[in-house]
Amino acid sequence: MSTVEHEATTDVGPGSSGRRWIGTNVPRKEDPKLLTGRAGYIGDLTVPGMLHAAVLRSPHAHARIRAVDTSAARALPGVVAVLTGEEALHHVNPMTSFCAEPVPQHAIAVDRVRYPGEAVAAVAATDRYIAEDACALIEVDYEVLPPLVDPVEAMDPGAVKVHETLDSNVVFHRSIDFGEVEADFTRADHVIRRRARWHRMGAQPIETAGAICSYDPFTHDMTVWSNTNFYNFLPWSFAGMLGVANNRLRMIPCPVGGSFGSKHLINKVISIAGSLTKAAGCPVKFLEDRLDNIAANDNVGCDRSYDAELAVSDQGEFLSLRMKIVDDYGAYFQFAHGQHGNALAQPTGPYRIGSVGYDLSAVLTNKVQQGFFRGAGADPGNFILERLVDAAAEELGIDRVELRRRNFIQPDRFPFTVPTGNVYDSGNYEPVLDRALELAGLESWQAEKERMRQQGRYLGIGLATCQERTGYSASEWWILYDKPPLPATSTPESVKLDVDATGNVRVAIGCPLWGNSPETVVSQVVAEEFGIDPAAVSVGYADSTSGALSAGPGGSRVTIMLSGAARGAAGTIRAKMQRIAAHAMEIDVADVECVDGTFQAKGVPSTAMSMADVAMRAHLFMHDNPAGEASGLVETFTYDHPFSSPPTADRKDMGAFYPMVSHACHIPIVEVDPETGAVTVLKYYVVNDSGTLVNPALVEGQVVGGIVQGIGAALMEEYIYDADGALGTPSFREYLLPSMHEAPEVIVEHRETPSPFTEYGVKGVGEGGRLVAPTAIASAIDDALKPLGVWIDELPMTPERVVEAVASAADRMVTG
Amino acid sequence: MPDKIRISLTVNGVGHDVLVEPRMLLVDFLRDELQLTGTHAGCEQGVCGACTVLLDGETTRSCLLFAAQLDGSSVRTVESLARPDGSLHPIQRAFTENHGLQCGFCTPGMLMAACELLEHTPLPEPEDVKDALSGNLCRCTGYQNIVRSVCAAGRVLATAENGSHPASETAETTGASA
Amino acid sequence: MKPAAFAYLAPSSVEEAVDRLAEHGPDARVLAGGQSLVRLMNTRLATPSVVVDVNRIPDLDHIGADNGTVHVGAIARQRSCELAPLVRSRVPLFAEACSQVAHVSVRKRGTVVGSVAFADPCAELPAALLALDGQVVARSRAGERVIDADDFFVGPFENSLAPDEFAVELRIPVTAVERTGSAFVEVSRRHGDLPMCGASTVVQLDEDGAVANARIALCGVGQRPMRARDTEDLLLGQRPADELLAQAAELTAAATDPIGDCHASAAFRRHLARVLTRRSLQTAVARARKEDTDA
């Protein structure tokens, strides 16, 4: 169930009062092809002469490669090319890295493997079966090295180094005080101290990453079909890696079968297919299988330990927040510490907290590297903050709801600058909280909890009130560096819109389809701007040669940015059509309005031209048009970040880099069996405020999907490496995703506080469910087991951890 | 290389008489040999259910079956659901009307599992849907709208079988129509 | 994840199947439902050079009963067994165990005999068969051999079948009805996963309400399914009061020798053995007393 309540706020866009399409549940344009099996995912594509690749992976976490014998593999009928890491370097360059530290990375390991599953050799053969047969024939002579599994041990100066090029496995350390942290702690009446652990989890889209690369050795053209995101953002970085000129590279998008952040680059896959097509002289497809994807894709999220303190006054006023963080980045540092830039966009949540101390140690170990995964660093941030708030409520004896109320940023304080410098555009948090409490029917759940306690059962009511920073600026990635290697500040989004001579609108968008609804959003915006039916708008995808710059989905930005780009393009073309119509009707352009797809004289609907009338003139009748008006109706519109600023040199003020901030209150109801550790989510209530909703049904879909991923994070999802460094969770039999039975009924309501920074007041929503659910579930388990003295400080809470928490609470009670 | 096996089977009503390598998995046979790429491979070990097809009317994971085993069998895939004129099958329509899909990768498997369920349980309760489809993983939707879609499809199909016109309103969400 | 090459044979009779197995010995694997074998082949953890597909042998999917024994043929599916009135009424524990194997879609293809022969120490059906004093009927060129469940399970994924033997049937003694209850309870990470631990229990009470017969077997707590014989002895002749059941649970847990993995450590599995032994006994006793309304 999803209902929407509109905030009485001033509207932000022209013509917004009578919106016809924005805010309605327009049928999803993407669906028919997906429902009928006609999507054309990368796995579905075939190019004439195409070979199939398979990769041999290291069974060891850490080893020197002494020798690789590929002779038997090469001799196998059907095998066309076999490449070791060293051989691949004849065809491709090291993978693009965004860190400042010298941590080179190859798609196929050279000399040394640094995590279990790292590629050691790749084969291209006439089919995948034969390619795998060939992999089985490759012999690798490894000298096994001691694996680094525990990040704290890896921090020891005497520890074996993951990279000889570094002085230490602490690849990055920085400690910054934003505001008067010391002073705020000194004047605090209470300091709430907690440790927390957030384990390594991964995106695990059901579709793996894949690419077809086709190299023409005569023209030096490289064509890449893939499910990457950044083909219209950083194509030059792929070109550099593939050893081709950027103006010889064409990257063609495919619909993406889920990403959740894990397919921004997919450099490994593209590099492997790229090196093999060069070696084999024909197109090569490399599509990861599930084992490839779990072991080696860039789909892993944060792996953090927190030592955190919240300074609080007697009245329960939050004064300062201080965190010391160790984050296990795995074997490489490809994306640098961007996940912490992300967390610093909203470290203080929806609360007024005057200062923040942030001490980060990013550590390298022998595990697959971190990439981006829905939440992207703010997910554990919300967890630790909400746990501190609940701990403060308990220690101060203030009700957890009341304590939140006292500290919420009030609606008249927006735009609000948080201690790190990021800006929150707008918000109104108490009505969200009030409505969530009402929606959940808290009193009846309290009664149910009492009743179940009488039967020896444990029901818990969770509560979390969290932020979702949306719409990132590129500074997120490098903001903690003094000397960033690429201090980019642009995150553009573009569409190319044209109205053909018969008046039909076609839009090519720069971003891919990766599970969200860009076609629907764009068609709604275009329909809104021209007053036409969204079903009549044709939407397609622009490849990397189009110039449609696009950072694509990520950081919950794409609906914000696509709305801006589509509205910009539509506005430009509409204005041109107005000029042409005015000229034709011999009236002033200011007197022409576009209503329901016709251009008419204001107040005189009988004097009107259809879209087709105007379009035909624009295309073919230059002498009938205003002088200087070029023929045709085509516009590539690039919408840049609507509100951002660069950081100061000392980084004490990071500037506005993630300013469209959504908010939600989650109330999950769980039952915990303290004997078996089983946690069952019985029901889940959400009130969500992500600004103006473009399409409420689709927003609800994002929220519910994110919540179930969050339930996975809270209860079951984890990468486990054993003491020898072996990956204990290599497949979906060990890395567990929630199934239908673990998904509760979720009741969603929306409030709308529009963003003053964006077109129509849109904010992002893609990550919100997963940003809030884990900490909400933690508080629910905590609430259930409070009679047993349990405090939840670790996620996921697997059955074993629940039982251990109950046992150690019992021990504490005994020993006093 | 061991001898290929000759099999005769029907896929979506079309007969095929072919030689297959014994190790050719059904999912690869459908995708690579017949170019029916609507059936997706998600995990290739029977966990995710993305490759679910109907084998002689029963759901099966096409990644755990060799094509060589299928002599004399009849297979139905997602490509059999919609009509060539572009009209969606009522189950597909229910999925779009109830927003039962996002990235769409797991959807063909869900649809085929739903087909089988509705064959035997025309008006399923949400719990019936969970029991029948729990072996199919979806990473996007959180499942709620999939369950709604299947229940809604059941109602439409049941109405259609009673002789009246299939109801066009299957959306359960409040205000789900524009 | 693609299987290595193999030769495919589809015998049309049991005789032909055992001939093929005799010819190819340990290089051959029997393919029934394929829900475990094909998975292992796809990851090349199993690379048989010959696959003997027994799905085309007529009459191997039988589920029947005679002389106090339920018979389940080699290609009878888990779902069929779970739903068969004959299984539900005569060996309710087995039907209950079947209903907890994986997901419906897997049970429709997966076979009961295949799951038993696969001998996964965590799986439900081996433990249930063990608790029920079931037997596996093996055929080879040499004839028929009947193997008690206790002798059948050797170690993880290891049974006592010779390479030329084909498990054609399970035989499960019909469970008494009078004052008898059984229960299969398990804890898994998610619905449908292999249990971290499962306990299968059959309890018969005498007219005074004391335990006349108890059989307990667990999965997930060692190299193979474990029969808790000391616990059975402890219960014999005693009234199943809470204290006794707690003692029984303790004794059972102490007898386990679990192997830890990513889902549960050895210690946690032992803990679960304690909890689940108690719970399965409680349910079985309640069912024996007809107190359990779900039974």
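Guide: A contact here is a pair of heavy atoms within 4.5 Å. By that rule, among the contacts in chain C with a separation of 6 or more, 63% are between residues 24 or more positions apart.

Visitor: What is the corresponding share in chain A?

Guide: In chain A, 80% of the contacts with a separation of 6 or more join residues 24 or more positions apart.

Visitor: What kind of model is this, and how are its parts numbered?

Guide: It is a predicted model, where local features need pLDDT of at least 70, side-chain atom pairs count only at pLDDT 80 or more, and totals for chains, interfaces and linings use all residues. Residues are numbered from 1 along each chain as its sequence is written, chains are lettered from A and ligands numbered from 1 in written order, and side-chain values use heavy atoms, leaving out hydrogens and water.

Visitor: Why is chain C called as compact as a globular protein of its length?

Guide: The radius of gyration is taken over C-alpha atoms, and the globule rule is 2.2 Å times the number of residues to the power 0.38. For 295 residues the rule gives 19 Å, and chain C has 19 Å, so chain C is as compact as a globular protein of that length. Its C-alpha atoms fill a box of roughly 60 × 45 × 35 Å along the principal axes.

Visitor: How does the radius of gyration of chain A stand against the rule?

Guide: A compact globule of 816 residues would be near 28 Å; chain A has 28 Å, which agrees. The C-alpha trace of chain A spans about 95 × 70 × 50 Å along its principal axes.

Visitor: Why is A:Val418 called buried?

Guide: A residue is buried under 20% relative accessible area, exposed over 50% and partly exposed in between (1.4 Å probe, protein chains only). A:Val418 has 2%, so it counts as buried. A:Val418 is in the loop between β17 (416-417) and β18 (423-424) of chain A. Leaving out residues up to four places away in sequence, A:Val418 touches A:Ala345, A:Thr348 and A:Tyr424. A:Ala345 is 73 residues from A:Val418 in sequence, with 8.1 Å between their C-alpha atoms.

Visitor: What makes B:Tyr143 buried?

Guide: B:Tyr143 has a relative accessible area of 1%, so it falls in the buried class. B:Tyr143 lies in the loop between α4 (126-133) and α5 of chain B. Phi of B:Tyr143 is near 75°, a positive value in a residue other than glycine.

Visitor: How many residues of chain A are in contact with chain B, and how much area is buried between the two chains?

Guide: 53 residues of chain A are in contact with 54 of chain B. Buried area is the accessible area (1.4 Å probe) that two parts lose on being put together, summed over both. For chains A and B it is about 4,400 Å², with 56% from carbon and sulfur atoms. On the chain A side, A:Leu35, A:Tyr129 and A:Met740 lose the most area to chain B, together 20% of what that side buries.

Visitor: How many residues of chain A are in contact with chain C?

Guide: 27 residues of chain A are in contact with 24 residues of chain C. The area buried between these chains is about 2,200 Å². A:Glu675, A:Arg733 and A:Glu800 lose the most on the chain A side, together 27% of what that side buries.

Notes. Helices (H or I, at least four residues) and strands (E, at least two) are DSSP runs, numbered from the N terminus.
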